[in-house]
Amino acid sequence: MAEHDNIVGTSPLRKEGRAKVLGQAKYIDDLSLPGMWHGATVRSVVARGRIRAIHFAPEIDWSEFAIVRASDIPGENTIVHLTKDHPCLAAHEVNHPEEPILLIAHREKAALLSGVGGVRIEYDELPGVFTIEESEKAVANNDVERIVWEGSDYGGTANCFKQYVLHSGEASETEDGLAAAFASADYIVEGEYHTGAQEQLYIEPNGVIAECEKDKQGNVISVCVQGSMQCPYYLVHALTLIFNLPEEKCRVIQTETGGAFGGKEDFPSVIGSHAALLAMKCGHPVKMVYDRAEDMAATTKRHPSRTRHRTAVSKDGKLLGCEIEVALDGGAYATLSPVVLSRATIHAPGAYKWHFVRVRAKAMATNLPPHGAFRGFGAPQSLFALERHMDKIALVVGLAPEELRRRNFLATGDRTATGQLLTEPVDMQHLLTRALEESDYHAKLARFAEDNRGSAIKRGMGIATFMHGSGFTGSGERRLNSLVQVELLPDGRPQILVSSTEFGQGTNTILCQVAAQTLQIPYEQVVIAQPDTQIVPNSGPTVASRTAMIVGKLVERASTQLLETLRVDGGLPLNHTAEQFEQAAVAYLDKHRSLRCSVRYEPVRPVDWNDELFHGDAYPAYAWAVYVAEVAVDMNTYTASVTRFDALQEVGRIMHPVLAKGQIEGGVAQAIGYALYEKCVWKDGRMMNNQMTNYIMPTSADLPEIHVHFEEVPCVHGPSGAKGIGELPMDGPAPAILNAIENATGLSFHSIPLLPEDIFERVSGFTEPEHGGSSELDPDRLGEFLPEVNA
Amino acid sequence: MKAMVQLTVNGQQHRIDVPPMKRLLDVLREDLHLTGTKEGCGEGECGACAVLIDGELVNSCLIPALQINGARICTIEGVSTEGGLHSIQQCFLENGGAQCGICTPGMILATHHLLDKRPTPTLEEIQEGLAGNLCRCTGYMRIFEAVQKAAEARDAL
């Protein structure tokens, strides 16, 4: 029916939205099982050391508690990610503050506080390293006492989880080309840029409920964990090793998830394994839900980074060559750092056409809790550096920031830094033109320059132009080998079976739109199953901006298969009505009992990617964007605020305009927090401000109007032409905002978060400009930046 | 030690025997099984546990049970009408005001409170009125739109 041809591209109501606005949606802490106990974690209070003794307070009746130690683990003591360096429970030594050592459970939740407090652990403390620089120094000095990580079967060297080198061409040719470029360059521009850790701050903390089934001899025969998470099959994998059980005996169910942003990608493997061990020990279901302070102190955050740029530029602003060094702080264990590093590496040269590129990247070990996935996954770090550096180059060459970018944009038919041929349309020139128009960029620049004179409020405009790869890197999607099914329910409604999870972004809704449009039936008629690994196949993790494009395409293919089957074998006529579909489905089920169509991932085009050389087709597709920030810096209070934000992007076909806008606005808001508000304060590896009271995320009163604009260019890789959208908006705002602050004040900042005290210190001359700072404050202009009383 | 507390929740009277310092949040969730009220931070910062006590917007994680003796409380479960969604809920649903949904109950109660005091709020008043309720998903823009639409819907009544 024609009316169902356009379901993709409209905004039907969010599938689970009604339950959410009614307060009826059940999150993990809203659930309770009969006889359920409650679990808690006893954590390390030191950053690094050997465990000497564990004491249990005699005034506590420990017989009422279940206690799990490392030695109770029936299988391997590991939280598996890419390698097995990360223990489930520390057995002999600890490598970061808050590292789990013991687990306790009690029938009364109220007993846990005194239980955790009643365990005293003695340590022989060892020296730790807490920054990228300290970790590097230990390696450089061969300071064996401070080599805190030794390497693993996944690779890595002392204190370094992973290194990559990306060359834009064959290595020796690229090196020769770089040498020549730097020799002939009119300008060589260098800079160093830093980004801080960022807490995901989903409003629902991590939590699970675990059950464990044992045989008569007390051996574990199956485990089941339900909870708040992004990737049920990651937890299945972790449980198989912890319990030495086959996959089908480790069942994982995702419950309604109150925000994730990457923070529930790898971490549920930890809390899920812990709760399952306690369930094994006490013989009851066990709930573990962290409180906010524990969640902030102990779970993963965005990797802090340091990026160095050295660029050869011609006097007409052509980018001749670049040498980029990216370093991430991975924390105490490898977890996902090698993959985060990979995305950081590939995004480091950005949306530009370079003659020669070399990126060296590494993820260093420190004695912080392991850093992990967070929306953007390495790209926000390296794009912050690049987009700040582009403004610096523009200043040196004497071009407007937009003009320098214009002269170097990648376009259709060009090759990216990894040598990927851009076969699909790319039009950054047009995106830039439109974004500058939408934001009234030039008129405002002129007006602000005029108004700023003599005003304590300095206004400015800044841009960032960038891209984000959709889907897993390189051969990743091929390795994931995702499986998707669409089946018929007994009443004839189609049901989508995927392990892809809903945590606010709209997975349920967009996948049902794709199925409805393909099956030519109303959206309301399509059902999506709760992700339960006993029922749904492994459609891969819900990460990497892959769900709409990759999983959506699989849903489209499976739906097509189901439709064809009903046409051939169910008597479904062409141009069917919803009723005819239902009748055909029921008739088919009467005859054949069931219908389930399965499809596996197939690349739309062959992927040519070399993992060793880091060369080739890095991503199936890229989303492209130009963001414009308008800021005001109050030189009396040193507060910088964003006064308007324009986000223009090309993300393929827009599947659901309301959800798509929500994704961009939410990402921009998080990125404004990343740039100007959210600072993790560390002391000896421990987060000191692990409360919402003193870790500040933007409130409704802090944010400007965020204007979202789309260019729609259908992409062959996604259903109806969609590409990835979720992570993109995290990449651009921070550099655009700091570029705007430089435009407003003449002050060049190279680190985020940028807080009022940082601006104050710079203006007051308490600190030297940061590494790579170019535009030092002109002493003649100092009066402009001091509070009026002093001026 | 326990105390007898009498309260009216969503129009229904309850007498409960609870420790006097038990948080209203836990009374609602554990004793009355009203799990629509969420805990986000436990320190009065995020507003996920917001409820109306005698018409005032309050973070229920900060209120000891003893303090609510005799109070009339409205939780998210009390917002919907017999006919279905309240217009505020409908507007949140239609305008993308709920993403992950964990802040939504508190946000809807804050909107309820705001529109009672300011039936036709300006954008600035909406921003101020919701500033005690954190949302990490939406960037608040869809929520502002939902509130504006809810105000218009109310106006039309």
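Author: The domain bounds used here come from an automatic or database domain assignment. The model itself is predicted. For chain A the assignment gives domain 1 (2–26 + 482–600), domain 2 (31–126 + 206–289) and domain 3 (305–472 + 616–785). The C-alpha centres of domain 2 and domain 3 of chain A lie 38 Å apart. Where these two domains of chain A meet, domain 2 contributes 17 residues and domain 3 contributes 19. On the domain 2 side of that contact, 5 residues are nonpolar, 7 polar and 5 charged.

In chain A, 7 strands form an open sheet of mixed pairing, in the order β3-β5-β1-β12-β9-β10-β11. The edges are held by β3 (66–68) and β11 (250–254) of chain A; each has a single partner strand, so one side of each is left without a neighbour in the sheet. Direction ignored, neighbouring strands of this sheet are turned against each other by 25 degrees on average. One of the pairings joins β1 (residues 37–43) of chain A to β12 (residues 286–289) of chain A, in the parallel sense and over 2 bridges. Here A:H38 stands opposite A:K287 of β12(A).

Helices also pack on this sheet. Helix α5 (residues 232–243) of chain A touches β10 (220–227) and β11 of chain A, and its direction makes about 150 degrees with that of β11(A). Helix α6 (residues 268–282) of chain A touches β1, β3, β5 (100–106), β9 (207–214), β10 and β12 of chain A. The direction of α6(A) makes about 40 degrees with that of β9(A).

The wider setting is as follows. Chain A has 21 helices and 28 strands, and its C-alpha trace spans about 80 × 75 × 55 Å along its principal axes. A compact globule of 791 residues would have a radius of gyration near 28 Å, and the 27 Å of chain A agrees with this. Buried residues account for 58% of chain A. Of the contacts in chain A between residues at least 6 apart in sequence, 79% join residues at least 24 apart.

Chain A also meets chain B, in a contact that takes 42 residues from chain A and 41 from chain B. On the chain B side, the elements giving two or more residues are α2 (87–94), α3 (104–117), α4 (123–129) and α5 (141–156) of chain B. Of these, α2(B) gives the most, with 4 residues. By class, this side of chain B has 19 nonpolar, 14 polar and 8 charged residues.

Notes
Residues numbered from 1 in each chain as written. Chains lettered and ligands numbered in written order. Predicted model: local features only at pLDDT ≥ 70, side-chain atom pairs only at ≥ 80, totals over all residues. Rg over C-alpha atoms; globule rule 2.2 N^0.38 Å. Buried ≥ 20, exposed ≤ 12 C-beta atoms within 10 Å, placed from the backbone. Contact = placed C-beta atoms within 7 Å. Nonpolar A, V, L, I, M, F, W, Y, C, P; charged D, E, K, R; others polar. Pairing = 2+ DSSP bridges. Axes fitted to C-alpha atoms, helices over the stretch in contact; angles between N-to-C directions.
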